[in-house]
Amino acid sequence: RKRTVFLAALCAITGKRVGSIVDIAILDYEGRTLLATLVCPRGQVKDYKTSIHGLTEQEIAQGMDEPEASNRIRHLTRGKIVVGFNMSEEIGMIEGEVAGERDVLESPMVRGRVPAGRKATLFEVGLAFGLRQDRNQSALQNARIIGKVYREIEEDWEEYLAQEVEG
């Protein structure tokens, strides 16, 4: 459990990539904040996604420089099991440096509680687990939700994963 961290990020749309992280949070297993910062992406941003997370261009511009944030993220996740939600953007920052990855969106224990036929949102997952949350997203709020969901399903999910490896 000391080797587990919860990671959440919010993205904007940039010219170079599909998304660039603009808000990042990493919590330890007990839910203590290890990192919570805005990130100023390099390159031109096409859509800041302000309607989703409420962050403005001016706020994001004051954030930590993207390369520095990447280094801090790698340092905090190195050798850890990283638990997140729909982690496609985050994986590129931590790939090859972590002990394991758990995406709660991929857990059968989560998929069984949310609407079938499409990807559920973290808001829907939180509701399925009885968690109250603000409609405006923040990486810190999302990391807390991810942590609470994972701790609730951890035993069953880890047992499932171990059986999958053995089978």
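Reader: What makes a group of 25 residues here a nonpolar core?

Author: In this predicted model, a nonpolar core is a set of buried residues of kinds such as Val and Ile, joined through side-chain atoms within 4.5 Å. The largest such set has 25 residues, and Val125, Ile146 and Val149 touch the most other members.

Reader: Which helices and strands each supply at least two residues of this core?

Author: They are strands S1 (4-14), S2 (20-28) and S6 (81-84), together with helices H6 (122-128) and H7 (139-166). The largest share, eight residues, comes from H7.

Reader: With which residues is Ile146 in contact, leaving aside its neighbours within four places in sequence?

Author: Contact requires heavy atoms within 4.5 Å. Phe6, Leu7, Ala8, Val83, Gly84, Phe85, Val104 and Leu122 are in contact with Ile146 on that basis.

Reader: How many residues does the other core have?

Author: That core, which lies apart from the largest one, has 15 residues, including Met64, Ile73, Met87 and Val98. In soluble globular proteins, nonpolar side chains tend to be buried together.

Reader: What share of the protein's residues is called buried?

Author: A residue is called buried because its relative accessible area is under 20%. Of the 167 residues, 45% count as buried.

Reader: What pattern does the protein follow along the sequence?

Author: The pattern is β-β-β-β-α-α-β-α-β-α-β-α-α-α, and the protein has seven helices and seven strands.

Key:
Residues numbered from 1 in each chain as written. Predicted model: local features only at pLDDT ≥ 70, side-chain atom pairs only at ≥ 80, totals over all residues. Heavy atoms only, no water. Helix = DSSP H or I, 4+ residues; strand = E, 2+ residues; numbered from the N terminus. Buried < 20%, exposed > 50% of the residue type's maximum accessible area, 1.4 Å probe, protein only.
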